Amino acid sequence: MERPPSPGWPFAVSGGWVYPACMSEPSAPDVEIRIEGLTKAFDGHAVLRGVDLDIQAGAFVAVVGGSGCGKSVLLNHILGLMQPDSGRVLVADPTVAEGPLLDLAVLDADRMSDIHTHWGVVFQRNALFSGTVLDNIGLWLEEVGHLDAADIEKMAQRVLAAVGLPSSADFLAGRVEALSGGMAKRIAIARALAMEPRCMFFDEPTTGLDPVTASQIQDLLLSTHVDERDGKARTTVVVTHDKDLLYRLRPRVVMLHEGRVSFDGPFEAFHASTSPIIRPYFELMPVLHQRGHS
Ligand SMILES: Nc1ncnc2c1ncn2[C@@H]1O[C@H](COP(=O)(O)OP(=O)(O)OP(=O)(O)O)[C@@H](O)[C@H]1O
Ligand SMILES: [Mg+2]
């Protein structure tokens with residue numbers, strides 16, 4: 001794995017940690033997500049071949065890599081939507097400050113959905129369901145948060161404002177099927193924000209959008225990274241192919257290649273890398289915005 005030169009190496013790599021296979025792990029201050037030796041194959045085709053990664057609370061991480069390299073598969077493992085062939089995904093316990101990390105593999109369905117209530121996920125295709133804007137934003141608030149109708153409407157208005165959409169009664173009653181791709185993306189982000197999550201996950205949030213809308217969504221990723229109520233940074237993980245997003249947001253970059261983390265470090269080091277794996281990938285990443293970058 002290529003690492004940027006120290007000093008200034010701010011990120012721990014989790015290789016070498018050995019824990020007994022039990023539900024709880026020793027406390028790991030600031031670690032939000034820890035991935036250890038993750039492997040996954042489909043029909044004999046190895047996609048993840050041993051991914052090790054620590055993501056600290058409050059980090060902004062972009063996961064990049066060629067099409068089909070396993071970015072979405074990795075995200076699905078973090079979300080507990082796929083089970084590893086081997087290795088583990090550990091996450092911070094949202095109910096206990098600086099408590100032991102939790103191994104997703106041994107959590108029961110109730111505990112898993114409890115964790116999901118603290119995470120906001122924006123899937124590539126938004127995963128909006130047929131219905132109104134308010135239905136979409138309100139579903140989880142009602143089912144999981146048990147909020148009443150008045151509180152759901154208040155929250156919907158707040159998160160719609162946060163993503164730059166109208167919060168009028170007409171807009172709330174509008175059908176999501178009628179929305180443009182960019183607006184649908186904003187609704188999906190608003191719905192995720194409504195859960196007041198500690199972590200936000202995005203799978204290719206700007207793919208398929210026009211350049212202006214894409215840049216607005218990039219700015220939104222940055223603004224939603226910070227919880228407006230207390231100014232505290234959320235943990236944000238973005239799977240992306242969007243080179244412009246990297247230039248604008250300058251995140252920590254994690255590159256997957258041949259099933260492993262081939263680079264993990266600040267954008268500046270990724271940008272400057274002369275690695276024969278990174279250079280051609282970076283050069284060929286799509287640029288949505290035709291303007292100068294340095
Ligand atoms: N549920 C599944 N069943 C079988 N194969 C799968 C499944 N999910 C993913 N794969 C395979 O795993 C590989 C990695 O897929 P993944 O969707 O993670 O790629 P990706 O890096 O997200 O690509 P893209 O940038 O195109 O979205 C692909 O070969 C894909 O066909
Ligand atoms: Mg994908």
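The model is predicted, with local features needing pLDDT of at least 70 and side-chain atom pairs counting only at pLDDT 80 or more, while totals for chains, interfaces and linings use all residues. Residues are numbered from 1 along each chain as its sequence is written, chains are lettered from A and ligands numbered from 1 in the order in which they are written, and side-chain values use heavy atoms, without hydrogens and water.

Select ligand 1 and the 13 residues that surround it, of which Ser-67, Gly-68, Lys-71, Val-73 and His-241 are the closest; a residue belongs here if one of its heavy atoms lies within 4 Å. By class, this shell holds five nonpolar, six polar and two charged residues, where Ala, Val, Leu, Ile, Met, Phe, Trp, Tyr, Cys and Pro count as nonpolar, Asp, Glu, Lys and Arg as charged, and the others, Gly among them, as polar. Helix α1 (residues 71-78) gives the largest share, three residues, a helix being a DSSP run of H or I with at least four residues.

Next, display the oxygen atoms of ligand 1: a polar side-chain atom of Ser-67 lies 2.6 Å from one, and a polar side-chain atom of Glu-204 lies 3.2 Å from one.

Now select helix α6 (residues 181-194) and helix α7 (residues 211-224), which pack at an angle of about 10° with their axes 10 Å apart. That makes α6 roughly parallel to α7, the term for angles under 35 degrees. Show side chains where Gly-182, Lys-185, Arg-186, Ile-189 and Leu-193 of α6 meet Thr-213, Gln-216, Ile-217, Leu-220 and Thr-224 of α7, with contact meaning heavy atoms within 4.5 Å.

Terms used
A polar contact is a pair of N or O atoms within 3.5 Å; within protein, one must be able to donate a hydrogen and the other to accept it, and residues adjacent in sequence count only if both atoms are side-chain atoms. Helices (H or I, at least four residues) and strands (E, at least two) are DSSP runs, numbered from the N terminus. Axes are lines fitted to C-alpha atoms, for helices over the stretch in contact, and angles run from 0 to 180 degrees between N-to-C directions. Angles under 35 degrees count as roughly parallel, over 145 as roughly antiparallel, 65 to 115 as roughly perpendicular and the rest as oblique.
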